[in-house]
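Please look over the model below with the briefing beside it.

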Amino acid sequence: MPWAKAEDFRDLTQRFEGLVLEEKPSITALHVQKAKLLELLRVLKQEKGYKLFLDHSVVDFPDKDPRFQAFYVLYNVDERKRVVVKTWTEGSLPSVEGLWFAGKWAERECYDMFGIRYEGHENLVRAFMWETYQHYPLRKDFPLEGYPTEYLPSLNEVVWGESLQGLMNYDRMHTSVPTLEDLEITERKRLQKKAQIVLNWGPLHPGTHGTMWFLFDLEGERVYQCDVILGQLHRGVEKLAEHEMYNQFLVYTDRMDYLSALCSNQAWVVAVERLLGIEELVPEKAKYIRTMMAELQRINSHLLWLGTYALDLGAITVFLYAFKEREKLMDIIEGITGARLTISYTRIGGVRMDLPEGALEVIKAFVKRFPKELAEWESMLSRNRIWLRRNVGVGVISKEEVYFYGLTGPVARGSGVPYDLRKFEPYDAYGWVDFDVPVGENGDVYDRYLVRLEEMRQSLRIVEQCVSALERMPKSAPFFAESPDPKKLKLSLDGIGLKVPEGETYSSGENPRGELGFYIYSTGGVKPYRVKIRPGSMYNLCVYPKLMKDRVVADAVAILASLDPVVGEIDR
Amino acid sequence: MEGVVFWLILTLVKILVILAIVLGIGAYLTLLERKVAAHIQRRPGPMVVGWHGLLQPLADGLKLITKEDLFPRYGNRFLYNLALVMALVPAALVFAVVPFGPEFELFDVKVKPMLTDVNVGLLLVFAFGSMAVFAIALAGWASNSKYALIGSMRKAGIVVSYEVVITFAVMGPIILAGTLSTYEIVQKQIQQELWYVWLQPLAFVVYMFAMLAETGRVPFDVQEAEAELVTGFTVEYGGMKFGLFPLVEWYIEVLSLSAIAVVLFLGGWSPINIPFLGFVDPLFFLGPFSPFLWFVLKVSLLFLFVLWLHWTLPRYRIDQITETAWKVMLPITLVNIVLTAVFAPLVWE
């Protein structure tokens, strides 16, 4: 099991007065007073080996006093154990920025969404919303439809003085949106100009892989300092999760990391299954199908990464080669699930439908053909002198930095940290298949490139094993779990009426872009009370300003593409 | 008097013919490039307009011309437009000294198939080449955009470094030929029965690299690196004004520099050379047209080589490019000059 045992922390109860140990199948938590929080986290990091920072946020209980329950999720990579630290607060917390830089970004998000003040935070600015925004959207008293206060005249009215009559004249009331002045205030607040020019790189720029807004303070071409402004794609997915049923929320996971929808689906479904305690009930066939599809999606996602990465470094042809293969994968996925991008194929308890006839043959043909293509691209890039000069020694991340910045996924593995959840806490069929976890040595851009290429090969191996396992299964094998007691636990394909008992869990899946974690807090009923999503992309991105220091603009694309963020997941 | 009028008319005709060929071919090379790129990338390329997309350049031109002419706020309109002229004119002027073939007689008049055979032809070529940097610097400056500015500064840095390299690279052939006139250089190669590429392989390689750098072709296309700078110094141009820059840089300049490379290293219009022994002409049956065809063939081969690189390689970083120029290529060319000076007397005999 991935969770630490309560005995591990017995010795701490003497040192920390009021420390309560809580051990459940779905979570192990340490409850501590706010005053002792920082000290406990330091001890956990330095003495107990919980070096990797995973996530932090709060849960809002408007009726309770103190109102907010804060949680910190930490991971011990060497012993493969996870623990949650919890504390109660009325509205302020000590900042953990000295211990983990990743905490800084998590705290900014928490400040933005809940209005928690962090003492000692160096740069407490809003993470997603703009500076002049008044409200804290994730608090329970924030209405789902927002505050309809701003009146937005249309361009026709402003420019031509048109006043529309009749049906055309509807009252344009909206939730407040940032104006240009708001954005300028935000921009000024983020970066103290220290060098020649401030270059606005993004939000709409081909090199940023999405609507991200970077500020580069440039001295010539050298980046003196760099900052990131997020939130252009913020949709409040976590707020939506609180108002949707568990199965309904599945479609929002598609739209977070839209390049690896199947992996996100799988992570969410597994999280809910773990919370329900029905992981064992899911039929073998469903598990194999999910694993196989997730690995196909991983190849798909890495192909897009490879293509755009090569494109960023000027190799346009590789982009088209990669997209050609990706198109085939998309067709396979479309044939099996019926959708190409936003898939929602998995269900709590299984998958939506059985594999169609001939699906396995098509996948086998792809698996047979794909390594040849991969080898061809490698011969174009991997030993190419220009490619090496652009990649080797650029954007080096050390092992310690992986923990400090909370990096996961291929970025962590590129630096030699073998943190792969498929191995560390196998979900679905990952425990039954055989594969290797590639790790890098130097932690530079080139290592991350090699790691991702090798991951595609390993994914192929997994797919191959899943295919042969599925071929052995009879056609009539079930693909959806059967509830042992339909009165207590109602499992169905549409998921309506699925009641989740009181409880909480943190569960995560290995996405192509890092760990996608879900912290689910349920107070019973059909909807979760609070869902905190740990976006791998966001924490991977938080190392970017550090890597960009003293690099030139041309390295910006190489480093950013090697971190491979997807904005849909960062902003949620 | 009559002689002067005749000479004027002849020159005018030459100008028109060369301009028409250069600009027309320049436009059609876009189609060629797209087709070559498409086949490298395993796709058919433009197929809709005309047979195999043969009318595509016309459609593109029509589209570009009819586009709205946007101008950036707070830009300098005079410099903005001047940059276009500064880009197009020097690049086209290089063709004034390119010899397309040997002298021939037409109606008892000796005609050299080049605009003017000045005795400092090569000097002109490189003087015009360095003018390109003004166009780019002006375009970047007048656009009032940070991206354009960074792109133009990158390009200016490259052009300045590679002008030095390319000048030293062509010193070898100049020493061997003992003249700066492009026509004479080809004549010398025919007389000495030697393409200079056989004796100057280093200079040829360096020249090709410098040519890629000057024209902003991959792997040196940092000035318009799409991923970083969108399109670099052309980012604020629109319509045909935008179309002109790639036309000039990627096609006309590549063509002119390839033509100069053919003149300097590959014996101009002469057929296949066996060093010091003579020439073999598999195209002898074309009679007087064979030299012209050889010239065209060689230039197109070089152009295709450039395309091949463009659609295969990634790009360098700006500091790596200038570093290569100053630390690797310049020393190589200097060594090459010394070596050439040593064995040049042998060739002259």
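In this predicted model, contacts between residues 24 or more positions apart account for 76% of the contacts in chain B that have a separation of 6 or more.

**Overall form of chain B**

- The radius of gyration of chain B is 21 Å, close to the 20 Å that the globule rule gives for 349 residues, and chain B is therefore as compact as a globular protein of that length.
- Of the 349 residues in chain B, 44% are buried.

**A strand pair in chain A**

- Strand β3 of chain A, residues 52-60, is largely enclosed by the rest of the structure, because nine of its nine residues are buried.
- Strand β4 of chain A, residues 68-76, runs antiparallel to β3(A), and eight bridges join the two.
- Within this pairing, Leu52(A) has Tyr75(A) of β4(A) as its bridge partner.

**The contact between chains A and B**

- Chain A contributes 26 residues to the contact, and chain B contributes 25 residues.
- On the side of chain A that touches chain B, at least two residues each come from β10 (197-201), α9 (284-312), α10 (316-337), α12 (385-391) and α19 (553-563).
- Sorted by class, that side of chain A has 16 nonpolar residues, together with five polar and five charged residues.

Definitions and conventions: Residues are numbered from 1 along each chain as its sequence is written. Chains are lettered from A and ligands numbered from 1 in the order in which they are written. This is a predicted model: local features need pLDDT of at least 70, side-chain atom pairs count only at pLDDT 80 or more; totals for chains, interfaces and linings use all residues. Two residues are in contact if their C-beta atoms, placed from the backbone, lie within 7 Å. Helices (H or I, at least four residues) and strands (E, at least two) are DSSP runs, numbered from the N terminus. Ala, Val, Leu, Ile, Met, Phe, Trp, Tyr, Cys and Pro count as nonpolar, Asp, Glu, Lys and Arg as charged, and the others, Gly among them, as polar. The radius of gyration is taken over C-alpha atoms; the globule rule is 2.2 Å times the number of residues to the power 0.38. A residue is buried if 20 or more other C-beta atoms lie within 10 Å of its own, exposed if 12 or fewer, and partly exposed in between; C-beta atoms are placed from the backbone. Two strands pair if DSSP finds at least two bridges between them.
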